[in-house]
Amino acid sequence: MIIDNLSYVFPSNKTVSIIGHSGCGKSTLLQIISGIIEPDNGTVRIENHTDRLGEIAYMQQKDLLLSWLTVNDNLLLPLKIKNKLNKKSHKEMIEKAKILGIYDYLEFYPKELSGGLKQRVAFLRTILQDSDFILLDEPFASLDAIKRIEIYNWIESLKDYINKSIILVTHDIEEALFLSDQIIVMDSGKDNFKFNIDINTPHPRKTDFLVEDKFIEQKKLLIRKLNEVKSLDR
Amino acid sequence: MIDRLKFFLSVYSLPLIAFVIVVFIWQILSNLGVFQTWLLPPPTMIIKELYYSKSFLLEHTFTTATEILLGLCLAIIFGTIIGFLMSSYKFFERSILPYVIASQVIPIFALAPLLIVWFGAGLISKIIVVFLISFFPIVIGVFDGLSKRSNDMENMLKTMGANNFQIFNILKINLALPSFFSGLKVASVSSVIGAVVAEWIGSKSGLGWIMKVSGPLFQTERVFASIVILSIFASILFLVVKFLENKLVKG
């Protein structure tokens, strides 16, 4: 069993990162939370909702853009599905697309975009889905280091208007530290959540944060904790 | 405009040049008396035939075209329905797929005489033959296309709150379109063969009938004229399907 005896209350309107070795069940956990797979035992609940499918925006590892739709139509797809497409939501999409540098590509098809752009489109599509809860499964894994820092800045600049409860699964300690309010170290097997740490630096954070003493200290701590957990598959 | 012309030439210039060379050599050899005209008429004679018998040929082209288009439309309608049912219900696939395949194995030459006995030498028996020959690629195209799964995308649409109908509409149809069009392209060309075969076996009109009656009369230029018309018709049909494919299959 990958996930066993896990009980946790995720704080609302905060970004929580889950880090851990590959194969420790991070993605499985997100799939369970999203409602795609049902746990063998136990329940997942979100505040004020009975259903999870359709209430939680979930960005999977692959960009999963529909190749026959333009970027514009891909971005509006979740709103169309829920019949919530109107002038206001369309305007909101345009605004955020400008911030993320997607605006010039709205009429393009996914195959005409670079890997980084596709991920940004998938990310924006997830953000635009009208829900208060967002799951991100290694959203920026295929971006190079420079592009990633660019994206972190974008997300920080979006933070004011995003203001949602986010769970971010990542391999990247720096990414977790930079973006989250709380970081959880996860392991497979029993009692999956081994350690958690709060990051109290206020948002929006600047790139300088990446080299602050506090940042380095927390990074060291996390690396130590990650070395302590040994996943089943090694 | 000039760019488009350049593109057109870059794509079609080689086959056009090859065509012109072959026709040219054919004409020269005919003029030199290498071929007897009743065995192999020179290109000029075929062109003359096309011109002088145009109303006669056109009338019979109309018959053949009607058979092809009606048969093909029926094949599209029923092929899509059967393919959809086969992909949706396992028991339906199991019970009907062997017969769909079997229908393709029966030589059309064996079946056509029966159909003519049953339905007469008129339009209906021809439509049925065209239907039978073009039905198979369409069913298989629709069935294969709709059987394509993308679990990741399906899950993603579910997390967006999509119901089964929306998943079908947004995802499955679009995943199926390319293989539907592959089937339709094959069907559009083989439907022409179907019509000619059916006319050959028993009819009173159509280009297949012209070919059948003109051969024994040594009117070979008329046979060739029919072949030219059929080739052009099949090409147009194929291009129309290709055009629709480009319009509908995006990205």
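1. Before the lining of any space is described by class, the classes need stating: Ala, Val, Leu, Ile, Met, Phe, Trp, Tyr, Cys and Pro count as nonpolar, Asp, Glu, Lys and Arg as charged, and the others, Gly among them, as polar. This is a predicted model, in which local features need pLDDT of at least 70 and side-chain atom pairs count only at pLDDT 80 or more, while totals for chains, interfaces and linings use all residues. Residues are numbered from 1 along each chain as its sequence is written, chains are lettered from A and ligands numbered from 1 in the order in which they are written, and side-chain values use heavy atoms, with hydrogens and water left out.

2. On the overall form of chain A, the secondary structure comes to seven helices and eight strands, where helices (H or I, at least four residues) and strands (E, at least two) are DSSP runs numbered from the N terminus. Chain A has a radius of gyration of 18 Å, which agrees with the value near 17 Å that a compact globule of 234 residues would have; the radius is taken over C-alpha atoms, and the globule rule is 2.2 Å times the number of residues to the power 0.38. Along the principal axes, the C-alpha atoms of chain A fill a box of roughly 50 × 45 × 30 Å.

3. Chain B is built from 10 helices and zero strands. Its radius of gyration is 23 Å, well over the 18 Å that the globule rule gives for 251 residues, so chain B is more spread out than a compact globule. The box filled by the C-alpha atoms of chain B, taken along the principal axes, is roughly 75 × 55 × 30 Å.

4. On burial and surface, 51% of the 234 residues of chain A count as buried, and 42% of the 251 residues of chain B do; buried means under 20% relative accessible area, exposed over 50%, and partly exposed in between (1.4 Å probe, protein chains only). Chain A exposes about 11600 Å², of which carbon and sulfur atoms supply 49%, whereas chain B exposes about 14100 Å², with 74% of it supplied by carbon and sulfur atoms. These accessible areas come from the Shrake-Rupley method with a 1.4 Å probe, and for residues only the protein chains shown count as cover.

5. The largest pocket holds about 1100 Å³ of space. A pocket is an open set of points, on a 1 Å grid over the protein atoms alone, with protein on both sides within 12 Å along at least five of seven lines; a cavity is a set where a 1.4 Å probe fits but cannot get out, and lining residues have an atom within 4 Å of a point. Grid points are joined across faces, edges and corners, and a volume is the space filled by probe spheres set on the points. Of the 35 residues that line the largest pocket, A:Y8, A:I33, A:T43, A:V44 and A:R45 are the closest to its centre. α1(A) gives the most to this lining, with four residues, and by class the lining has 22 nonpolar, eight polar and five charged residues.

6. The second largest pocket, with a volume of about 480 Å³, is lined by 16 residues, of which B:F19, B:V23, B:V228, B:S231 and B:I232 lie nearest its centre. α10(B) gives the most to the lining of this pocket, with seven residues, and the lining comprises 14 nonpolar, two polar and no charged residues.

7. Two or more residues of the lining come from each of β3 (56-59) and α4 (115-128) of chain A and α7 (151-159) of chain B. The lining divides into six nonpolar, four polar and three charged residues.

8. Some backbone details in chain A deserve a look. Most residues other than glycine have a negative phi, and most peptide bonds are trans. The peptide bond from A:H203 to A:P204 is cis, with omega near -5 degrees, and A:P204 sits in the loop between β8 (193-198) and α7 (213-228) of chain A. A:N13 has a positive phi, near 55 degrees, and counts as partly exposed at 44% relative accessibility. A:N83 has a positive phi near 60 degrees, lies in the loop between α2 (71-81) and α3 (87-99) of chain A, and counts as exposed at 72% relative accessibility.
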